[in-house]
Amino acid sequence: MGQIQIIVEGMTASGKSTIVKLLAERLGFDVMPEEFRDQYDLLSRFHHDRRWAFPMQLNFLVTRFAQYLCASEDNKYILDRSVFGDKVYAMLYYRQGYFKDSQYGCYLTLYDTLLKYTKAPRLMILIRCPFGEIMRRIHERGREDELMAGEEYWRALYDAYVPFLEFVKSEMDIPNFLLLDLADPQFINTPSQIDRFLNDVRAFFPERFGENKQR
């Protein structure tokens with residue numbers, strides 16, 4: 001059994017996919033992308049009707065766990081989000097009344113069971129980004145289901161992610177964390193910022209990026 005090398009976490013539109021692509025292209029990792037569409041289009045159904053929250057979140061949890069196991073088979077994968085971030089959404093939906101008590105209890109039982117078979121990644125990168133910038137990106141990319149969710153929904157999710165680091169530390173013994181601030185929309189176009197970030201990541205993988213290897 002291998003180990004997932006990096007998990008990139010952060011709320012929607014924070015810049016996860018951009019960072020995952022950067023790490024793959026510049027550092028040679030393979031990508032296990034986030035799966036958020038399914039044959040029943042549960043995400044779209046949820047944004048039209050909150051009663052779909054429970055089946056949608058169960059589907060996400062099982063799908064992400066399956067991806068996690070698949071990516072754990074070799075020491076080369078990056079994950080765009082994971083089972084850890086999934087629980088943030090479940091807790092939010094329960095607080096907002098989208099889950100019944102019995103449904104939330106069922107979710108937690110399944111989550112805790114799956115976590116027993118989940119090996120911690122080598123590194124978790126947590127992306128932080130101001131709420132205003134996140135909303136700008138959501139409007140800029142113009143996805144119908146995201147726009148339909150409304151700013152109040154995104155604000156609640158943003159607030160739910162604030163304690164994410166401490167939450168994950170209490171769930172799993174993950175050895176390494178790296179916080180990345182993507183408040184600057186020009187980050188990806190600024191070579192000095194990119195190089196600094198990539199060097200920070202390399203430092204967590206001395207066997208892969210040693211002093212005598214190209215930096």
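Modeller: Let's start with a word we will need soon: contact means that heavy atoms lie within 4.5 Å. Helices are DSSP runs of H or I with at least four residues, strands are E runs of at least two, and both are numbered from the N terminus.

Biologist: Good to know! What sort of model is this?

Modeller: This is a predicted model, in which local features need pLDDT of at least 70 and side-chain atom pairs count only at pLDDT 80 or more, while totals for chains, interfaces and linings use all residues. Residues are numbered from 1 along each chain as its sequence is written, and side-chain values use heavy atoms, with hydrogens and water left out.

Biologist: Let me begin with helix α9. Which of its residues are buried?

Modeller: Buried means under 20% relative accessible area, exposed means over 50%, and partly exposed is in between, for a 1.4 Å probe and protein chains only. In α9 (residues 164-171), the buried residues are F164, L165, F167 and V168.

Biologist: What makes these buried residues line one face of the helix?

Modeller: The arc is taken from the directions that run from the helix axis to the C-beta atoms. Seen down the axis of α9, the buried residues fall within an arc of 160°, so they line one face. On the other side, E166 and S170 are exposed.

Biologist: And what covers the buried residues of α9?

Modeller: The cover includes strands β1, β4 and β5, together with helices α4 (83-95), α5 (101-115) and α8 (151-161).

Biologist: Next, M56. Why does it count as buried?

Modeller: Its relative accessibility is 1%, and the limit for buried is under 20%. M56 therefore counts as buried. It sits in helix α3 (residues 53-71).

Biologist: Which residues is M56 in contact with, leaving aside its neighbours within four places in sequence?

Modeller: They are L42, L43, F46 and Y93. L43 is 13 residues from M56 along the chain, with 6.4 Å between their C-alpha atoms.

Biologist: On to the sheet. How do you know that β1 and β3 pair?

Modeller: Two strands pair if DSSP finds at least two bridges between them. Strand β1 (residues 6-9) and strand β3 (residues 77-80) run parallel and are joined by three bridges. Parallel strands β4 and β5 are joined by five bridges, and I127 stands opposite L180 in β5.

Biologist: What is the order of the strands in the open sheet?

Modeller: The five strands come in the order β2-β3-β1-β4-β5, with parallel pairing.

Biologist: Which are the edge strands?

Modeller: β2 (30-32) and β5 (177-181), as each pairs on one side only. β5 also has a covered face with L178 and L180, and an uncovered one with F177, L179 and D181.

Biologist: Now the charged residues. What makes R136 and E140 a salt bridge?

Modeller: The rule asks for a side-chain nitrogen of Lys or Arg within 4 Å of a carboxyl oxygen of Asp or Glu. For R136 and E140 the closest N and O atoms are 3.2 Å apart, so the pair meets the rule. They are four residues apart in helix α6 (residues 131-141), which puts about one helical turn between them. Both belong to a network of salt bridges that links E133, R136, R137 and E140.

Biologist: Why does E140 count as exposed, and why is R136 called partly exposed?

Modeller: E140 has 62% relative accessibility, so it counts as exposed. R136 has 36%, so it is partly exposed.

Biologist: How many salt bridges does the rule give?

Modeller: The count comes to 13. Another one joins E207 and R122, at 3.2 Å from N to O. This pair links distant parts of the chain, 85 residues apart: E207 is in the segment after α10 (191-202), and R122 is in the loop between α5 and β4.

Biologist: And E146, why is that one called buried?

Modeller: Its relative accessible area is 8%, so E146 is buried. Its side chain meets that of R143 in a salt bridge of 3.3 Å, N to O. R143, at 36%, counts as partly exposed.
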